[in-house]
Amino acid sequence: MEKKNIDWGNLGFGYVQTDKRYVSNYKDGAWDEGTLTSDATVVISECAGVLQYAQTVFEGLKAYTTEDGHIVTFRPDLNAARLKSSAERLEMPVFPEDRFIDAVVQTVAANEAYVPPYGSGATLYIRPYMFGSNPVIGVKPADEYQFRVFTTPVGPYFKGGVKPLTIRVSDFDRAAPNGTGHIKAGLNYAMSLHAIVSAHNEGYDENLYLDPATRTKVEETGGANFLFVTKDGKVVTPKSNSILPSITRRSLVYVAKKYLGLEVEEREVYLSELKDMAECGLCGTAAVISPVGKIVDHGKEICFPSGMTEMGPITKKLYDTLTGIQMGRIEAPEGWIKVIK
Ligand SMILES: *Cc1c(COP(=O)(O)O)cnc(C)c1O
């Protein structure tokens, strides 16, 4: 397979159209058999449910080349299960989990020429999503849906080295106490755009959102979960039913316990505790872990001892172990690596 002539190491995180995408339509209570297509456009009614009432959910995962030359994805079964729970919360039909994995495999295989080579640091980002496609004007769930999977090659996250982030405690909330914070829905992102633009304008990389009910506990950022390390080397990660259950964070918790023998606490984490933490990182598919150097709470700075130039030592161990598992350098737990080719 001839790879595309792409400068993998200098790719950013943007949309690059690839050759094929998967499409399946839901109508009269059933999904059709689904197909790969070259057509990168979606044509829907001007009154489609997704356009009027934001009935759409999505996933994000990556395909990449391992050390021994296989093309793989990481734990796609968990993305399938999460899309199911997201769809159920928005009254959308579930795309069967086995078919989700099959659609991901088919789409990646059809775009093999865009899967970056091992060692480039680049990956093929995979975006499965679904939306209400028929006209809806009275508020109700759509009757027809489209499920799609497209891929786009993305560059190394830490281009030019790791740079710990500076984040602010946001005055905006990302989720309501019994709302939709735990599902991967576009609506959670639409309402975060103003907060992220204003954070960037003020010189911050990200927003730390607090629990909306009491505004005393740490939830997450707009698109990544928190991991903290205490001064005595314990891993602590916030627990709340309005946090999106990150697959990366769940995998890192496993790695911390089973590979590194660390103690892990999944519990409520108070903003007031952060000054005592030794390390802080953001977990998500994009970066695996991005270290946080500083959190600013209305002018009051919390500076982690790990500093502003490198990952903290335990964050680094977690990062190296999980990326080693993903790239095939370290043996993976049963079922974590889905081989495509
Ligand atoms: C997708 C997402 C994450 C990260 O989840 P991963 O499965 O690790 O990629 C974290 N928070 C939010 C709000 C998200 O949408």
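In this predicted model, a backbone N or O atom of Ala224 lies 3.4 Å from a nitrogen atom of the ligand. An N or O atom in the side chain of Thr248 is 2.6 Å from an oxygen atom of the ligand, and for the side chain of Thr285 the corresponding distance to a ligand oxygen atom is 2.5 Å. On its own, the ligand has 390 Å² of accessible area, of which the protein covers 96%.

Helix 6 comprises the 13 residues 247-259. From the first C-alpha to the last, helix 6 reaches 17 Å, close to the 18 Å expected at 1.5 Å a residue. At the start of this helix, a side-chain oxygen of Ser246 comes to within 3.2 Å of the backbone nitrogen of Thr248. Gly261, with a positive phi near 65°, follows the helix.

A nonpolar patch on the surface is formed by Tyr53, Ile137 and Val139, which together have about 350 Å² of accessible area. Of these residues, Ile137 is located in the loop that connects strand 7 (123-132) and strand 8 (145-154). Ile137 counts as exposed because its relative accessibility is 64%, and the cut-off for exposed residues is over 50%.

Methods
Residues are numbered from 1 along each chain as its sequence is written. This is a predicted model: local features need pLDDT of at least 70, side-chain atom pairs count only at pLDDT 80 or more; totals for chains, interfaces and linings use all residues. Side-chain values use heavy atoms; hydrogens and water are left out. Patches are made of residues with over 30% relative accessible area and no salt bridge: like charges are joined within 9 Å, nonpolar side chains (Val, Leu, Ile, Met, Phe, Trp, Tyr) within 5 Å. Accessible areas come from the Shrake-Rupley method with a 1.4 Å probe; for residues, only the protein chains shown count as cover. A salt bridge is a side-chain nitrogen of Lys or Arg within 4 Å of a carboxyl oxygen of Asp or Glu. Helices (H or I, at least four residues) and strands (E, at least two) are DSSP runs, numbered from the N terminus. Buried means under 20% relative accessible area, exposed over 50%, partly exposed in between (1.4 Å probe, protein chains only). A polar contact is a pair of N or O atoms within 3.5 Å; within protein, one must be able to donate a hydrogen and the other to accept it, and residues adjacent in sequence count only if both atoms are side-chain atoms. The expected span of a helix is 1.5 Å times one less than its number of residues.
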